[in-house]
Amino acid sequence: MTIAVSILPEQQLATLNAAYRKAVARKRLRLSVGALLFVAALLVAAIGAEVNLRTLFTYFGNFISYFDRILTLDSGQRVWTDFGEWFWGWRKWLHLLGETLLISYVGTLIGAVFAFALNFLAAENTSPGPWLRFAVQRLLEFARTVPGIVFALIFVIAFGLGPMAGVLAIAIHSTGALGKQFAEFVENADMKPVEGVRSTGASWLSCMRFAVLPQVSAGYASYALLRFEINVREASVMGFVGAGGIGMELIVAIRKFYYSDVSAILLTIIATVFVIDIATGWVRGHLFGKEART
Amino acid sequence: MSRRPHIEPEELRKRYPQVFDPPITSRLATPAMLAAALAILVFGLVDLDFSVSRLINGVGQLGWISLMMLPPDPGSSLPIYLKALGETLSIALLGTTLAAVFALPVSLLAARNVIPSAIFRFPVRRFLDSIRGVDTLIWALVWINVVGLGPFAGVLAIAVADFGAFGKLFSEAIEGADQKQVEGIRASGGSALHEIRFGLMPQVLPVIAGQVLYFIESNTRSATIIGIVGAGGIGLQLAEQIRVLEWQKVSFLILMILVAVAAIDWISGKLRFAIIGQRAVA
């Protein structure tokens, strides 16, 4: 059997080739213009951010040696040779860590409750009125865009120093973030049960309770757990502005160059975040089956 | 008309005991969980010194502060604020780009379909996880110790913090890629590098570009706050004005942040749309 490859006539081939080259050239042009714009933006940004490669190279050794220093005890030995000395403040740190976890727990729960109350008003398919929906959406957007730590800074002045400011800051930020996610979840819900419940003469509230809620509650819990995980990280730095938790101890250690304390506190934070990560992942997997894990 | 089969309720009860008489453990599971959640909440409120009087006082203060914030007014410092905002945007853009550039090769090492051996993958993944476990603000504090106060420390902080996040996201994107194209390259005699360049990259680059754009957006938010610890940008001004209780300036700065974030949001949304097309955006 012979293999026949049909060769197009010269003329036809030439036009095809020309069209192909033109298409490729246009794509290349677009790509290179985009890349050029991007590099230009980077250059402007580099000037704006006072990037100084010389400083970086001169001091980069510091970065490496910083980790060397935080892993060295005052006595000059490596930290892992003497755990008692390294984690000398473990009682205090564990207590503060517990406070951090409580801050994120209470903050997430309060935020979830408020988000729950607001999300049916913000979702397109269940909102009772377009004006209300607009107002609630803007409110949630505000709560989510202003960073939690900025709220914390203001709350520290209003409510005084302490974990209460941190809790409220996290609660507000969580309300904004969860409110949006919950509302998106509601928007994806099946509307047929709602019609069914409404046809029995039920009020808006009953429609939400008996038609929408059973569809979305598992998703809510999953998102709330995910938010809790994020909030643990957030709460670990709330102490930087005096809003409670382990952050206070950490910033003091960093600012005052208590090197081995820095590494000890950082390690406890990282370990906690790991454990919370794995635990919430496990809980989500078990409570809501595989599909809710993503 | 077909006649409805007549079923005794008693018989139904007997046939589906799990529906009509669920075991007491599963009936009690939800209330028990709610009770536990509530108990921890109450314990937390007590332990964190919540009190009604403090709450009322604080809300009163907050109302007072909100009144003082109106109308937003930059005073005579508008040029300084605009420069600070530019600094913030620069920090976000540069930090994210640096992180993406460094994370790409490392993410290959963490992907199951590139490095099949778990012994090599495991340390890389744990390394990325530990970087991710540390908040951007903490990295900013560390970098301030190294390169001094200023926006450059902020760029490096965002770059390091995102390096961890990107490493994980990119490796997940790479693991999700279709292996058939890689096999095709291998079948035609390509080397391992060819497999990555021509088999994997064309599939994952659009996904990665979308993620990078999304992070530039979210980093604009992060970049607004790293100034609070002294790493440049608009956060520095914000923290300062809050400390000296110049509430009109504070509200103006917050407005500036909101507008900037909304603008970046819009631009990156358009760009993502152009790069990945409508399917992936939704």
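Student: Why does Phe228(A) count as buried?

Tutor: This is a predicted model. In it, Phe228(A) has a relative accessibility of 15%. Buried means under 20%, so Phe228(A) counts as buried.

Student: What makes Tyr105(A) and Phe228(A) an aromatic pair that is edge-to-face?

Tutor: Their ring centres lie 6.4 Å apart, and a pair requires centres within 6.5 Å. The angle between the planes is 85°, and an angle over 60 degrees counts as edge-to-face.

Student: Is Tyr105(A) buried or exposed?

Tutor: The relative accessible area of Tyr105(A) is 18%. This value lies under the 20% limit, so Tyr105(A) is buried.

Student: Why is the pair of Phe185(A) and Tyr223(A) called edge-to-face?

Tutor: The ring centres of Phe185(A) and Tyr223(A) are 5.7 Å apart, and the planes stand at 90°. Since pairing needs centres within 6.5 Å and edge-to-face needs an angle over 60 degrees, the pair is edge-to-face. Phe185(A) lies in helix 7 (residues 163-187) of chain A and Tyr223(A) in helix 9 of chain A. The two are 38 residues apart, and their pair links distant parts of the chain.

Student: How do you know that Phe185(A) is partly exposed?

Tutor: Its relative accessible area is 29%.

Student: What makes the charged end of Arg209(A) count as sitting over the ring of Phe210(A)?

Tutor: The charged end is 4.7 Å from the ring centre of Phe210(A), and the distance must be within 6 Å. A limit of 35 degrees from the ring normal also applies. In chain B, the charged end of Arg197(B) sits over the ring of Phe198(B), 4.6 Å from its centre.

Student: Why is Thr224(B) called buried, and which residues does Thr224(B) touch?

Tutor: Thr224(B) has a relative accessible area of 3%, which is under 20%, so the residue is buried. Thr224(B) lies in helix 10 (residues 192-226) of chain B. Not counting residues up to four places away in sequence, Thr224(B) touches Pro147(A), Thr88(B), Ile234(B), Gly235(B) and Ile257(B).

Notes:
Residues are numbered from 1 along each chain as its sequence is written. Chains are lettered from A and ligands numbered from 1 in the order in which they are written. This is a predicted model: local features need pLDDT of at least 70, side-chain atom pairs count only at pLDDT 80 or more; totals for chains, interfaces and linings use all residues. Side-chain values use heavy atoms; hydrogens and water are left out. Rings of Phe, Tyr and Trp (its six-membered ring) pair if their centres lie within 6.5 Å; planes under 30 degrees apart count as stacked, over 60 as edge-to-face and the rest as tilted. Buried means under 20% relative accessible area, exposed over 50%, partly exposed in between (1.4 Å probe, protein chains only). Helices (H or I, at least four residues) and strands (E, at least two) are DSSP runs, numbered from the N terminus. Contact means heavy atoms within 4.5 Å.
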